[in-house]
2 protein chains.
Amino acid sequence: MARRRRTLCALTSGSLGVPLPSRKPADAAPAAVARPRLTVMRDVAKLAGVSHQTVSRVLNNHPNVRQETRERVLEAMRSLNYRRNLAARTLVTRQSDTLGIIGFETTLFGPASMLYGIESAARDAGYMVSIASVRDLDRKQVLEAVDRLTQHSVDGVIAIAPKQSVTHALAQAPPSLQCVAVGGSGESDAAPTVSIDNAAGARLATQHLLDLGHATVHHAAGPADWPESVERIEGWRRTLYAAGAVVPPVEHGWWDAESGYAQGRKMAADPAVTAIFCANDRIALGVLRALHEAGKRVPEDVSVVGFDDMPDSGFFVPPLTTVHQDFGELGRRSLALLLEHMTSSPTADPQPPDRVLVTPQLVIRTSSGPSPAL
Amino acid sequence: MARRRRTLCALTSGSLGVPLPSRKPADAAPAAVARPRLTVMRDVAKLAGVSHQTVSRVLNNHPNVRQETRERVLEAMRSLNYRRNLAARTLVTRQSDTLGIIGFETTLFGPASMLYGIESAARDAGYMVSIASVRDLDRKQVLEAVDRLTQHSVDGVIAIAPKQSVTHALAQAPPSLQCVAVGGSGESDAAPTVSIDNAAGARLATQHLLDLGHATVHHAAGPADWPESVERIEGWRRTLYAAGAVVPPVEHGWWDAESGYAQGRKMAADPAVTAIFCANDRIALGVLRALHEAGKRVPEDVSVVGFDDMPDSGFFVPPLTTVHQDFGELGRRSLALLLEHMTSSPTADPQPPDRVLVTPQLVIRTSSGPSPAL
DNA sequence: ACCAGTTCTGTGAACGTTAACACGCGCACC
DNA sequence: GGTGCGCGTGTTAACGTTCACAGAACTGGT
């Protein structure tokens, strides 16, 4: 565990208001004595026979540079292998071409995909991304993350923020810092939000099962305090209600297969259950196993539908019918929204939207079939 | 698709040597006219009745500050809600407290977990991380990523780099930039590497199956050009060889369930196959499904062992015996190694190691059992 | 030839921090 | 009572950009 040369910021910076005094304890090694002296604008300028300002203009695509001069400068840059010093530029312009991402549970497929979607879109737009993970979504940790990102002077923040507490915390960020939340709820009271239309997805799944002749549809739900979970429950419930079907009771769990297995065992024991809509594919995996162990065939005895369309859900036993969620698109859209908010002046005419919904799609495989009652 | 205000760097910067002329096309909005004038050292200094340099000393934990003065300064910082401007600091010290990560396939569980492991360890060590994803692992893209990170003056780079081409590319990075590769091969010719002991893992799995009485073990392999895959094949092959067992032919595939399914179907058709070691859990999922469809029971007829221990592999049908890989640890170790390389002077006595191996562990569940021949 | 209006280019001053050095003070040591 | 040293502090100069302004070099019309 090499934690040398700097103290733990987490410990030294007690409250948020206190800047972190860290780094370079007394015994630090003396700074490298011979600075490498990298090539800077002045060098390029000298070689090209112009002033540093002209070099700057070329770099920033300023129109008022003679074509011939521009080429001479570009040639000089090339031959010196010049790269502009972004720190200096950030110092004066106060923008770093860097975006911050607040990540939560980024080891899971969904968040990881959003992260990737954001990052590649950001690169195409000329931005770098820095990431600050949080272990929990409480206000304190989120604000700490915002603070860390602010210190590194990011131009904007995207929070992969599946819970309300985050958008609330975001509202406390310095107003000059644009924030966008992605994933999670739509009740965008605080920050602009991009998310999937969870209710629509749930409707798709539930209606599909009703259409197959099932009298009603049971639901293996996610955690009670996650908006995504709540919205899926709502969508499911409303669809049943609209169809005049009984709405079975809901039991909350976590997002993993273990939770699905637990819920699945209970449902497998109930002969009235012929169709199960699962809050995500991992839960579905657990349900599938529980049904298998109970000797129920899928889809002959019980139909199962998931949510997410994880990479391998087409290879579950049997291949899972599920609601496809385009996480990459979610990421890209959130980046686009952030950029819009960043560039539009507060008084601009077309205010960017505060809420973007991405529509999910049903992917029908073999885990769903006609009701055995038919 | 909001890509306003800046041109696409990817397009304008043809070769690597050319700095990117981007941003602010002629019609750019004039810079914000009223700069907010944030609080800086001088403000703190004035309030505390000292010079800015003393403030700097307090911030950097310099020992030569009287306790009473230090407290007055800290108090001033607190009351002004001062935060140090990292861009200015980076400009003069040439270190940014930021590390770069080159990510590949970060939507998958393994890389995503490493990313997370690196990020949290980095935070504890006082570093921010910036991420640069690459779509492919060819030299060009990797060098481009390094270049992007360099421009943002990262202090070091960790490459989630499962292929040789990456470490080779890394070797071409500016020598002042410390690089570490994580995951992938151990043939660390180019850059220091942290990886799992794939051969040992494969040995664990294979030996486990042999010990269960299987005459030999078949292998559902990963891609031929990935060192991780190759090392697992080697470990498997050597174990069989040492036991005097027949070494069945190997067919290469990809890392996903689809590939496992394809390989599994062929194996299911071969009655001689009683034990299958899969290059990862996703392949195992496909194999499991193929066996199930062919009417083979697991583990009664055929035993299956995976690699990775993905989150839900304990809920496959049946629960998968697999080789557990601690991705988070991998990330932490790679960070530690990078930090060691960064801080140790080239002439220092204890040179940091160039190769760190993390030992995997066998997790026995129910997909593996005694050979049916017994 | 002159002036006004562009277009192009250069000069000097920020930006907010750390590095290098100089200074004054108190203390110990001959 | 110097001399030397360590401590605490202040002054000045970097670091490599961009911004604001001034000036030079071209236009084109009289």
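Mentor: Start with one contact. In this predicted model, a base nitrogen of DNA strand D is 2.9 Å from an N or O atom in the side chain of A:Gln53. An N or O atom of the A:Tyr82 side chain is 2.6 Å from a phosphate oxygen of DNA strand D.

Which elements give two or more residues to this surface? They are α3 (52–59) and α5 (86–93) of chain A, along with α3 (52–59) and α5 (86–93) of chain B. The largest share, five residues, comes from α5(A).

Sorted by class, the surface holds eleven nonpolar, twelve polar and seven charged residues.

Twelve strands form an open sheet with mixed pairing. Its order is β10(A)-β5(A)-β4(A)-β3(A)-β1(A)-β2(A)-β2(B)-β1(B)-β3(B)-β4(B)-β5(B)-β10(B). Why is one side of each edge strand left without a neighbour in the sheet? At the edges stand β10 (355–358) of chain A and β10 (355–358) of chain B, each with a single partner strand, so one side of each has no neighbour there. Neighbouring strands are turned by 20° against each other on average, direction ignored.

Zoom in on chain B. Strands β1 (residues 98–104) and β2 (residues 128–134) of chain B pair in the parallel sense over seven bridges. Within this, B:Gly100 has B:Ser130 of β2(B) as its bridge partner. Helix α7 (residues 139–151) of chain B packs on the sheet. This helix touches β2 (128–134) of chain A as well as β1, β2 and β3 (156–160) of chain B. Its direction makes about 155° with that of β2(B). Helix α13 (residues 327–343) of chain B packs on the sheet too, touching β1, β3, β4 (178–182), β5 (193–196) and β10 of chain B. The direction of α13 makes about 160° with that of β4(B).

Key: Residues are numbered from 1 along each chain as its sequence is written. Chains are lettered from A and ligands numbered from 1 in the order in which they are written. This is a predicted model: local features need pLDDT of at least 70, side-chain atom pairs count only at pLDDT 80 or more; totals for chains, interfaces and linings use all residues. Side-chain values use heavy atoms; hydrogens and water are left out. A polar contact is a pair of N or O atoms within 3.5 Å; within protein, one must be able to donate a hydrogen and the other to accept it, and residues adjacent in sequence count only if both atoms are side-chain atoms. Helices (H or I, at least four residues) and strands (E, at least two) are DSSP runs, numbered from the N terminus. Ala, Val, Leu, Ile, Met, Phe, Trp, Tyr, Cys and Pro count as nonpolar, Asp, Glu, Lys and Arg as charged, and the others, Gly among them, as polar. Two strands pair if DSSP finds at least two bridges between them. Axes are lines fitted to C-alpha atoms, for helices over the stretch in contact, and angles run from 0 to 180 degrees between N-to-C directions. Contact means heavy atoms within 4.5 Å.
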